[in-house]
Amino acid sequence: MASSETLAEHRPTHRVTVLALPGVVLLDLAAPTHLFGHCGVGRYALTIAGVEAGPVSTSTGLPLVASHGLEALATADTIVVPGLEGHADPPPAAVLDALR
């Protein structure tokens, strides 16, 4: 029987993209980035995307930089959308289109 390490070596990496929209709740963003990024090394490939690559405002004011824009959603196996401050406002149409 093959070891779990050998099986893991042949398993394809699952691509997870976390979509950080303006006003993202930092705690809601921290959990998936820790789980899929830090704890998931070798099993998951984590990408942080924004509406466009670059700075994203957070609910706490802590600066965040998205390495990719909405184009990253097209190649993701899983997309995580953390909570937003001002969640009653609809996201931009480009975001909704990319999520579809």
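Thr17 counts as buried because its relative accessible area is 3%, where buried means under 20%, exposed means over 50% and partly exposed is anything in between, with a 1.4 Å probe and protein chains only. Thr17 sits in strand E1. Leaving aside neighbours within four places in sequence, Thr17 is in contact (heavy atoms within 4.5 Å) with Thr47, Ala49, Ala72, Leu73, Ala76, Thr78, Ile79 and Val80.

A quick word on what you're looking at: this is a predicted model, in which local features need pLDDT of at least 70 and side-chain atom pairs count only at pLDDT 80 or more, while totals for chains, interfaces and linings use all residues. Residues are numbered from 1 along each chain as its sequence is written, and side-chain values use heavy atoms, with hydrogens and water left out.

Now step back to the overall layout. The protein has three helices and five strands; these are DSSP runs numbered from the N terminus, with helices being H or I of at least four residues and strands being E of at least two. Read from the N terminus, the elements go α-β-α-β-β-β-β-α.

Strand E1 belongs to an open sheet of three strands, ordered E2-E1-E5 and paired in parallel. Here, two strands pair if DSSP finds at least two bridges between them. The edges are strand E2 (44-49) and strand E5 (78-80), each pairing on one side only. From one strand to the next, the twist averages 20°. Look at E1 (residues 14-19) beside E5, and you'll find a parallel pairing over three bridges. In that pairing, Val18 stands opposite Val80 in E5.

Across E1, E2 and E5 lies helix H2 (residues 26-38), which runs at about 150° to E2. For that angle, axes are lines fitted to C-alpha atoms, for helices over the stretch in contact, and angles run from 0 to 180 degrees between N-to-C directions.

A salt bridge here is a side-chain nitrogen of Lys or Arg within 4 Å of a carboxyl oxygen of Asp or Glu. Arg15 is partly exposed, at 42% relative accessible area, and Asp77 is partly exposed too, at 39%. The structure holds two salt bridges, including one where the side chains of Arg100 and Asp97 meet at 3.1 Å, N to O. Both Arg100 and Asp97 are exposed.

Helix H3 (residues 93-99) is where you'll find Leu96. Leu96 counts as partly exposed because its relative accessible area is 32%. Together with Ile79, Val81 and Leu99, Leu96 makes up a nonpolar surface patch with about 270 Å² of accessible area. Patches are made of residues with over 30% relative accessible area and no salt bridge, joining like charges within 9 Å and nonpolar side chains (Val, Leu, Ile, Met, Phe, Trp, Tyr) within 5 Å. The areas come from the Shrake-Rupley method with a 1.4 Å probe, and for residues only the protein chains shown count as cover.

Finally, the whole protein: buried residues make up 29% of its 100 residues. The protein exposes about 6,300 Å², and carbon and sulfur atoms supply 61% of that.
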